[in-house]
Amino acid sequence: MAAAPEPAAEDPLWSFVRVLEKRDGTVLRLQQYGSGGVGCVVWDAAIVLSKYLETPAFSGGGAHALSRRSVLELGSGTGAVGLMAATLGADVVVTDLEELQDLLKMNISMNKHLVTGSVQAKVLKWGEELEDVTSPDYILMADCIYYEESLEPLLKTLKDLSGSETCIICCYEQRTMGKNPEIEKKYFELLQLDFDFEEIPLDKHDEEYRSEDIHIIYIKRKKSVRAFTVVHTQRSHQLILVCGLRNCRHETLFHLTHAPNILGKVKM
């Protein structure tokens, strides 16, 4: 990995670092830009989600739940959440736009001595077509619900990246100013078309790093319910179940003696 650029002492962009203490007493140091877009600073939702990953409610007994798991963080910004996961044993890819790659790589370099899994930074723009996708075990995202125009691209990327077993953990701050309530409402309306989700109770969050207006949501892809057209062939005594899902041409043959439950519902 190429060495990350070192900040110049007199450069005001490099004037402050966010410190995040872990439960084991070690400290993540997260460089922030003094000016720039929303990805240049550590937002409270990122801190809340990072600390939640350390809680007994999430980590479980024995080996940590993230140990040797593949994790992808969307909208990483400074990389706080992904770096926390990497220090807990996960193999992490932190992703964001091209302009944030230097900041991500810098924070990876500053905290590499704490990483017990692995971590790398990659460019990912929501909504773009992805090639050779391998669904991770976890997708993490903190404060990614803020621009209305980004909702559909974000959800497309979630659908493209997630598999049936992928656990998506979304943490966001509920904001009441301007169009924020409308944007949040639209996000969940679109989300429920393809995903199931549930909120983690506040008492399961970190004891110190929690807030009533910051929510943690577990999201999983809805299980496919296949619609079949049932065709009975008298001569061969077979049922042909033709899958009716769009873009699906799957046919399954059942011999009548092997499908008593189906026969009870089929008019001959």
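Visitor: Which residue forms a salt bridge with Asp194, and how far apart are the closest N and O atoms?

Guide: Side chains of opposite charge can pair when their charged atoms come close. The term salt bridge is used here for a side-chain nitrogen of Lys or Arg within 4 Å of a carboxyl oxygen of Asp or Glu. Asp194 forms such a bridge with Lys159, and the closest N and O atoms are 3.5 Å apart. The pair links distant parts of the chain, 35 residues apart, with Asp194 in the loop between helix H6 (180-191) and strand S8 (195-199) and Lys159 in helix H5 (residues 151-161). Helices (H or I, at least four residues) and strands (E, at least two) are DSSP runs numbered from the N terminus. Please keep in mind that this is a predicted model, in which local features need pLDDT of at least 70 and side-chain atom pairs count only at pLDDT 80 or more, while totals for chains, interfaces and linings use all residues. Residues are numbered from 1 along each chain as its sequence is written, and side-chain values use heavy atoms, with hydrogens and water left out.

Visitor: Are Asp194 and Lys159 buried, exposed or in between, and what is the relative accessibility of Lys159?

Guide: Buried means under 20% relative accessible area, exposed means over 50%, and partly exposed is in between, with a 1.4 Å probe and protein chains only. Asp194 is partly exposed at a relative accessible area of 27%, and Lys159 counts as partly exposed at 33%.

Visitor: How many salt bridges does the structure hold?

Guide: The structure holds 13 salt bridges. One of them joins Arg175 to Glu173, with the closest N and O atoms 3.5 Å apart, and Arg175 is partly exposed, its relative accessible area being 24%. In another, Glu189 pairs with Lys185, where the closest N and O atoms are 2.6 Å apart. Because Glu189 and Lys185 are 4 residues apart in helix H6, about one helical turn separates them. Salt bridges that share partners also join Arg23, Asp206 and Glu207 into one network.

Visitor: Why can helix H1 be called largely enclosed by the rest of the structure?

Guide: Here burial is read over a whole element: helix H1 (residues 44-52) is largely enclosed by the rest of the structure because 8 of its 9 residues are buried. Among the buried residues of H1 are Ala45, Ile47, Leu49, Lys51 and Tyr52. What covers the buried residues of H1 includes strand S1 (16-21), helix H2 (56-59), helix H3 (80-87), strand S6 (138-142), strand S7 (167-173) and strand S9 (214-221).

Visitor: How many cavities of 30 Å³ or more are counted, and which residues line the largest cavity?

Guide: On a 1 Å grid over the protein atoms alone, a cavity is a set of points where a 1.4 Å probe fits but cannot get out, whereas a pocket is an open set with protein on both sides within 12 Å along at least five of seven lines; lining residues have an atom within 4 Å of a point. Grid points are joined across faces, edges and corners, and a volume is the space filled by probe spheres set on the points. The count comes to 1 cavity of 30 Å³ or more, and about 60 Å³ of space lies in the largest cavity. Its lining consists of Ile145, Tyr172, Glu173, Gln174, Arg175, Asn180, Ile183 and Glu184. H6 gives the most to this lining, with 3 residues.

Visitor: What is the volume of the second largest pocket, and which strand gives the most to its lining?

Guide: The second largest pocket has a volume of about 410 Å³. Of the 20 residues that line this pocket, Leu72, Val93, Lys122, Thr134 and Leu161 are the closest to its centre. Strand S3 (70-74), strand S4 (91-96) and strand S5 (118-123) each supply at least two lining residues, and S5 gives the most, with 5 residues.

Visitor: Which residues does Leu202 contact, leaving aside its neighbours within four places in sequence?

Guide: Contact means heavy atoms within 4.5 Å. With those neighbours left aside, Leu202 is in contact with Arg210, Ser211 and Glu212. Leu202 lies in the loop between S8 and S9, and counts as partly exposed at 30% relative accessibility.
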